[in-house]
Amino acid sequence: PPGFVESSCRSRIFWMKLNKLLLQGKFFQLEINDPYAGPILLDEKLASRCGYVLSEDVWGNPVFRASVLGCHVTNEVDELFSLTVNIKVSSFSSMRAAVTYTYPMYCSYPSWPSREIVCEENYMEVSVKTDVPAVSNDYTVAWMSALPETQNVAYQQWQLMFVSPSGRKRVTVSDAVKLGYSFNNTLSRVYLRAPYHSNESDISMVSGVNMNMVTSTSMYRQRWLLLLIDTTVSCPVDGISFTDTTLTWTVPSVIPTLVVQESTFVSKSIVIGIDDQVLVNPEKNYLLEHNETHIRITIPIGAEGGKLKSSVSGGVYGVIYRIDLFLEHTWTDADWQTTKYTVIKSITTPFMPQIPTVINNTVPEDRLFNVAFGHFLPDVSLVAIAIGNVPFTLREAQHHGFKIYETPFSNRTKGFILEVSFDDPYVLREYVNRNETKYTLLVNYTLSVGLEMALYYHSAEVECVVADIELPEAVGYCDEENLYLSIPSFGLHQYWNLYLGNKLLNRHTALTNGYLAATNSTHLILQIPLFAGGVIYEEVSFQKIKARFDVALRKMRTMETLQTFSVSCSFNSSAFIICQPDGTVMVSAQMKTVPAIDMSKTKLRDSSCKPREYNEAHAFFKFHITTCGTSVRFEGDHIIYENEISYEKETLPGQNMPIITRDPDYRLTVLCYYQAKETLMLGAFTSDSAMSPPFASGTMVPRSNTAAYRRVRHTLNLVSRVSKDESFMEFYDPNMAILKQPMQSVFLEVELKDESPNVELYLENCWVSRSLDFNSTPRWNITVDG
């Protein structure tokens, strides 16, 4: 078919290339068409002995090379050469039903140098003119040692003598063929073809390069003619080095085994090429250096002419670079006149890991992730992705709404662009800072790499923070008895929560504190009664209260306070009791008695505690629960502090008697309730300011002035004593002073000896004071819930 086969002739080598595109899905074989013996199947063993090479170029096209001195080549007077190859193509590996294409090739090579050496991939070949003087004037050791052997050379028969570190070996041509060599002569030349690393070869280092060398002499005797021909050949087997960006190929300039008189050596020309094409101006892309010891070619990895190939090794993506080079070095010396030295070398770099990069091209205002993933060679394709661990084929991804497309880069590589909306359900969202959302795209790429279609996986995480959250603003107002806060409900329990002190303001907290909570489509409305828990009283005076209610807006995860919503109002109230978290009690008492009493003379249990303000019907008291005779007791999960507002004894004029003395017939009991689990801030204790202040409630219990509630004075038979220990078996003398350390227990016994059936004993208040006066202050309670 047209374009199936290309051929050329270079360095006396047939070059033939097959188009891989026309061989896709098919199998092929090559046959060498001998004009006398017919088709001969090409195999590996035949190739190295006959001067053939079958390989692939860097693009994967099959390449066949053959020496013009190879087997089955038609030679016309060492100038015209022809070789016919049969190309068999079949759809089956057994090659049945194969189609055969016959392809003839021709080479013209009219001008031969005195000696020509070819270093192919799988063989070494040397050919020399037979009219060249066989022995130089300066006899070498090898030649001198060969001379005695010539006496035994068979008549009219070529023989070979190999010299190696193990000694000398003389063999016939037929025996040399059995050893893998090929020796023959043409009209004007003799050639020897040798495999690398044969038993007769030796490795030596020349200018830092290991050379494989076969030292041999070809001998022929006929009548008076004794012909000795030096057929030594030496080829480099390494000389390749790599960096991250370049590869370097080094070949010795002067090879001592090939140049006997080095002083006469003159380098004539150096030609380099790629495949079968000579580089006319190699300095443009490659660095060619040569001096007295070596020829060095440095090539940038990825340079034109070679090919980068993607690969996967150990789960890592990387590339391999390959280039097919040849070098022709022509020199002269006194022994051989002209030598043409050709080396053909296919160079492949080691696996070079390439870490792909993820480039975030996202524009936050577009609310669209734009992520580029690269750089990859053209032989890499994207086959699947996973977003947030949810797998998608490319078709599924496009159907879902993701956009995926390729983009070229300047260095002949490509990348893959992925676009995902911020609002996609597979994008992670996290509320951060005050008013920002962090969007996170977790993506796993699955790529098919190279002709082998090896799978490569790469995960990436891309983040973008956008200020797209508006913090709510609350509105506060009041009526005669309540405070109100109206708070936008957007974001509540999603980004932030409301806190009352350090307590989450939820339905339970609202009910416990007596709040009413109502919601509509946009707002949460809190109704807070004036005397509900959590209300802060900024100013409390006679018949006036300035109250404030605060709630904090806090981030759900970090508990950071973002804003505090407050409502503050002033209220008029004629009667109230306020129990502050720090233990301060404020009471505005309305006391109506018949006859009316002087409010200025009202007092608490401690008679020194008088009203701060008063008028005809009201008195305002402010005191601390540790003062003014306040008692304490426990009831369930509450601590109750109690005091009493009463009236001083009063003397009034009577009709029949000059003086009447009576007790006040009206008392007002003041009660403050605190949660027992809360920490009350008393003078003798400390409190963590970061903790929520305890909420308390208070009540005032008036006692009526009806006769049923008048207090009748009785003299009770009571006995009290202090026990020395908890056994209550041994007691202190009543007249003896008892010394106790703070926090030491006091074992007190009070006994009621009154036999009246209507009398019961309740131990209500038991305290210590500095004097015997019951009304003295200060006093310290020593019993709780007696």
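Student: Which residue of S52 is the bridge partner of Val585?

Tutor: The bridge partner of Val585 in S52 is Phe623. Please keep in mind throughout that this is a predicted model.

Student: What is the general idea behind such a pairing of strands?

Tutor: Strands of a sheet pair through backbone hydrogen bonds, and the pairing is either parallel or antiparallel. In the present case, strand S49, residues 584-590, pairs with S52 in the antiparallel sense, and seven bridges join the two.

Student: With which strand does S52 pair over two bridges?

Tutor: That strand is S51, residues 613-614, and its pairing with S52 is again antiparallel. Within this pairing, Tyr614 has Ala619 of S52 as its bridge partner. S51 and S52 form a hairpin, with three residues between them.

Student: Is strand S52 mostly covered or mostly uncovered?

Tutor: Strand S52, residues 618-624, is mostly covered, since six of its seven residues are buried.

Student: Over how many bridges do S2 and S6 pair?

Tutor: Strand S2, residues 13-18, and strand S6, residues 62-67, pair in the antiparallel sense over five bridges.

Student: What is the general idea about the side chains along a strand?

Tutor: In a regular strand, the side chains alternate between the two faces of the sheet.

Student: Let us turn to nonpolar cores. What tends to happen to nonpolar side chains in soluble globular proteins?

Tutor: They tend to be buried together. In this model, the largest nonpolar core has 83 residues, and those with the most contacts inside it are Tyr341, Phe369, Ile385, Leu418 and Tyr445. The strand that gives the most to this core is S27, residues 316-333, with seven residues. The core draws at least three residues from each of domain 2 (116-137 + 155-348) and domain 3 (355-466).

Student: Which residues does Leu418 touch?

Tutor: If residues up to four places away in sequence are not counted, Leu418 touches residues including Phe369, Ile385, Phe402, Leu441, Val443 and Tyr445. Asn370 and Lys403 are also among the residues that Leu418 touches.

Student: Is Thr330 buried or exposed?

Tutor: Thr330 lies in strand S27. Thr330 is buried because its relative accessible area is 16%, and the cut-off for buried is under 20%. Apart from residues up to four places away in sequence, Thr330 touches Ser267, Lys268, Ser269, Thr338, Thr339 and Lys340.

Student: How many salt bridges does the structure hold, and what is the general idea?

Tutor: Side chains of opposite charge can pair when their charged atoms come close. The structure holds 25 salt bridges. One of them joins Asp57 with Lys17, the closest N and O atoms being 3.5 Å apart. Asp57 lies in the loop between S5 and S6, and Lys17 in strand S2, so this pair ties together parts that are 40 residues apart in sequence. Asp57 is buried, with a relative accessible area of 2%, whereas Lys17 is partly exposed, at 25%.

Student: How far apart are the closest N and O atoms of Glu452 and Lys309?

Tutor: In the salt bridge between Glu452 and Lys309, these atoms are 3.2 Å apart. The pair links distant parts of the chain, 143 residues apart: Glu452 is in the loop between strand S37 (436-449) and strand S38 (454-466), and Lys309 is in strand S26 (residues 307-313). Glu452 is exposed, with a relative accessible area of 52%, while Lys309 is partly exposed, at 28%.

Student: With which residue does Asp550 form a salt bridge?

Tutor: Asp550 forms a salt bridge with Arg548, and their closest N and O atoms are 2.7 Å apart. Asp550 is buried, with a relative accessible area of 18%; Arg548 is partly exposed, at 22%.

Student: Which residues are linked in a network of salt bridges?

Tutor: Arg12, Glu116, Glu125 and Arg193 are linked in such a network.

Notes:
Residues numbered from 1 in each chain as written. Predicted model: local features only at pLDDT ≥ 70, side-chain atom pairs only at ≥ 80, totals over all residues. Heavy atoms only, no water. Core = buried A, V, L, I, M, F, W, Y, C linked by side-chain atoms within 4.5 Å. Buried < 20%, exposed > 50% of the residue type's maximum accessible area, 1.4 Å probe, protein only. Helix = DSSP H or I, 4+ residues; strand = E, 2+ residues; numbered from the N terminus. Domains from an automatic or database assignment. Contact = heavy atoms within 4.5 Å. Pairing = 2+ DSSP bridges. Salt bridge = Lys/Arg side-chain N within 4 Å of Asp/Glu carboxyl O.
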